[in-house]
Amino acid sequence: MSSQHHGLHSKLTIGGLLISLGIIYGDIGTSPLYVMKAILGLDFAINKELVLGGISLVFWTLTLQTTVKYVLITLSADNHGEGGIFALYALVKRTKIKWLIIPAIIGGSALLADGIITPPISVSSAVEGIRTFYPQINTIPIVIGILFVLFTIQQFGTKLVGKFFAPVMLIWFLMLGAIGAIQISSNLEVLKAINPYYAYNLLMADEGINPEGFFVLGFVFLCTTGAEALYSDMGHCGRKNIRISWIFVKIALILNYFGQGAYLIQHEGETLRSLGGSNANPFYLTMASWFQPIGIVVATLAAVIASQALISGSFTLINEAMRLNFWPKVRIKYPTELKGQLYIPSINWLLLIGCIWVVIHFEESSNMEHAYGLAIILCMIMTTILLNYYLIMKRVKLYFIMPLIGIYTLIEFSFFYANITKFADGGYVTLIIAILLISIMTTWYLAKQISKNYTKFVKIDDYKKSNGRTISRFIYSEICYTSRLHDQCWKNR
């Protein structure tokens, strides 16, 4: 791809902003559907400290983890316009620190493993809404059918996919902001959650206020799971388009979370089950009853689109992995003339097979939630390690690097500790997939290193003759030499 194409691709345009909404923010943008519900639980009495603390934790997680770490800092680490943990490793390996290959392979494998769990949980969560009207319906065939269509259209390129998805996501984020603003206007007290004291207070609270204790962070973390995919998708939309569109996305998300908080504070002492039955969700409860059917339809479409960020991010990851000799060479297609717009058929269909297996294995989205988040926080920790060396390589002052990396190490290991409890309930699935991918990447990399050690490079100009046979005989002799079958090889010459 030419630099000219890359330049066009990186420009800040209305089209680029809209496409970024369609292919990047689905995962992180649909988090208001389940985060507050997970924090509260169905049967625990709503209290102001829990609501304000939960909203405060979400606000500061989105600010520190997504905005500062990924949008402002990590997006600056691009490798010829490409993003993702492998692109970051390609930059820091110039430091000649060999062990950095370990966090690169672990992080990349963890993100790919998460790409197998995200589409099933997003689509299943959406489709299971049908049970409100048809309680006995088997949603598994419907989920698999939607996943098949979703992966089939990938071959037309993220540009086309983005144009198709972008209008839906624009409506979705406008809806999030509007619903949240209406609720906030009726109860401005919820704005106190901007104060980080409420986040700290919730983590230190007793069981009467916060039944999950410190482990509530496992639910809070769900609000930022799409941040790593945001970095991986930089090659599809460009840094400028992602940064500017994030301003709009974050405002919409914050308004909706605070709107849910405002509604819940007004119903202190009640439970979610008493407010809306066994399917109660603060997201839908904040809507006017006449608007709920419309909200359910838009939310369903947005939840299906949420799969896109990690699918397109997986293509970028594998492309970078092949350049680094972490993955076997596979066919890559470029559906458009723009750099970064790529499609890898083999990975696309392997992800589909993995997603179908997850749907059949877990059956329900509630079962999949336990497998969700553990792999992605592992990837974030590995990104932080590599980012540290990237900043050192860029000669950033140590008095800036040390507190920055220290803060993110503390935050991410706290999230990891809170998520590790999910291991026995389903988190083992993504970790097993990640270990399998780590094995493939490690084996392929070591094999390529062995091959490199037995390969001799020479200048072909030294062997040029008018007769082409001289070169061909030389090449054959070099193959014989490096194959360690010299005698047998020359007999068959």
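The model is predicted: local features need pLDDT of at least 70, side-chain atom pairs count only at pLDDT 80 or more, and totals for chains, interfaces and linings use all residues. Residues are numbered from 1 along each chain as its sequence is written, and side-chain values use heavy atoms, without hydrogens and water.

**Core.** The largest nonpolar core holds 147 residues. Such a core is a set of buried Ala, Val, Leu, Ile, Met, Phe, Trp, Tyr and Cys residues joined through side-chain atoms within 4.5 Å. Tyr25, Leu62, Tyr89, Trp172, Phe173 and Phe326 touch the most other members. Helix α7 gives the largest share of this core, 13 residues. Helices are DSSP runs (H or I, at least four residues), numbered from the N terminus. Tyr89 touches Phe326, and also Leu100, Ile101, Ala104, Leu324 and Leu386, not counting residues up to four places away in sequence.

Buried means under 20% relative accessible area, exposed over 50%, partly exposed in between (1.4 Å probe, protein chains only).

Leaving aside neighbours within four places in sequence, Asp114 contacts (heavy atoms within 4.5 Å) Leu310, Tyr372, Gly373, Ala375 and Ile376.

**Patch.** Phe423 belongs to a nonpolar surface patch with Phe215, Tyr417, Ile420, Tyr428 and Ile432. Patch residues have over 30% relative accessible area and no salt bridge, and nonpolar side chains are joined within 5 Å. Together the members have about 550 Å² of accessible area, by the Shrake-Rupley method with a 1.4 Å probe. Helix α23 (residues 423-453) supplies the largest share, three residues.

Terms used. Patch = residues over 30% accessible without salt bridge, like charges linked within 9 Å, V, L, I, M, F, W, Y side chains within 5 Å. Salt bridge = Lys/Arg side-chain N within 4 Å of Asp/Glu carboxyl O. Helix = DSSP H or I, 4+ residues; strand = E, 2+ residues; numbered from the N terminus.
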